[in-house]
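Welcome, and please have a look at the model below. The report that follows goes through its confidence, its layout, its charged pairs and a patch on its surface.

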Amino acid sequence: MDDRGFTLVELLATMAVLAVLMLLAIPNVIGVVQNNKNKTYIEDAKKLVTLAEYKINSEPSVKPSAGKSVCFYMEYLDLSKELDEPPNGGKYDRTRSYVYVSNSNGELKYKVQLIENKNGSFMGLGETSNSDLFEDNATSKIKSSVATSTCRCTGACHYKDRYDNPKNTSP
């Protein structure tokens, strides 16, 4: 046999092996990419809760009294717009994303809702407790279609314009 090249059978066999490898690898790669996007939502939600905690610790006047609750909307907490790049290429809805803080006998409890708006479709994290963000299955709470809710605080709701809008009406 000559050393002039590969036979047609050898080339077809190589292409078949490569096709099988691609069929096995592509779903795994897509799964890894989607899991990383979901982890980004969780990490951004944790950042939003941390911003609310910082706000309460630095401005005690915004802390809810016993039996009361407050809402901190994303537009109020994230003034530096650090959270401006959601994972699916849309924009975080800064008027639907919030941290709800309730005071139950002196213990502060946090819930967060983080919504991304992409072409009128809402995706992300519906209202979830802070402790759930640290569970192993936290990424399973991310939904491609989220029914958004408004924060139901019994105290003040904090929006970007809260100093200009003393009634704190919904944005």
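## Confidence

The predictor's confidence in each residue is given as pLDDT, on a scale from 0 to 100. This is a predicted model, and its chain averages a pLDDT of 85, with 89% of the residues scoring at least 70. Strand β4 (residues 107-118) has the highest confidence, at a mean of 94, while strand β7 (residues 157-158) has the lowest, at 72.

Over residues 161-171, pLDDT falls below 50, and the model gives this stretch 14 contacts beyond near neighbours in sequence. Where pLDDT is low, the predicted coordinates should not be read in detail.

## Layout of the chain

Two helices and seven strands make up the secondary structure of the chain. Along the sequence they come in the order α-β-α-β-β-β-β-β-β.

Of the 171 residues in the chain, 37% are buried. Among contacts with a separation of 6 or more, 60% are between residues 24 or more positions apart. The accessible surface is about 10,600 Å², and carbon and sulfur atoms account for 55% of that.

## A salt-bridge network around Lys-47

Side chains of opposite charge can pair when their charged atoms come close. Seven salt bridges turn up in a search of the whole structure, and some of them join up: Asp-44, Lys-47 and Glu-82 form a network.

Within helix α1, Asp-44 and Lys-47 sit three residues apart, about one turn of the helix, and their side chains meet at 4.0 Å, N to O. Asp-44 is buried, with a relative accessible area of 7%, whereas Lys-47 is partly exposed at 37%. Lys-47 also forms a salt bridge with Glu-82, at 3.9 Å, N to O. Glu-82 lies in the loop between α2 (74-77) and β2 (91-92) and Lys-47 in helix α1, so this pair ties together parts 35 residues apart in sequence. Glu-82 counts as exposed, at 54% relative accessibility.

## A buried pair

Where do the two partners of the Asp-78 and Arg-94 pair lie in the chain? Their side chains meet in a salt bridge at 3.4 Å, N to O. Asp-78 is in the loop between α2 and β2, and Arg-94 is in the loop between β2 and β3 (98-104), so the pair links distant parts of the chain, 16 residues apart. Asp-78 counts as buried at 2% relative accessibility, and Arg-94 counts as buried at 14%.

## A nonpolar surface patch

Leu-8, Leu-12 and Met-15 make a nonpolar surface patch of about 350 Å². Met-15 belongs to helix α1 (residues 8-58) and is exposed, with a relative accessible area of 55%.

Note on methods. Residues numbered from 1 in each chain as written. Predicted model: local features only at pLDDT ≥ 70, side-chain atom pairs only at ≥ 80, totals over all residues. Heavy atoms only, no water. Patch = residues over 30% accessible without salt bridge, like charges linked within 9 Å, V, L, I, M, F, W, Y side chains within 5 Å. Areas by Shrake-Rupley, 256 points an atom, 1.4 Å probe, with all protein chains shown as cover. Helix = DSSP H or I, 4+ residues; strand = E, 2+ residues; numbered from the N terminus. Buried < 20%, exposed > 50% of the residue type's maximum accessible area, 1.4 Å probe, protein only. Contact = heavy atoms within 4.5 Å.
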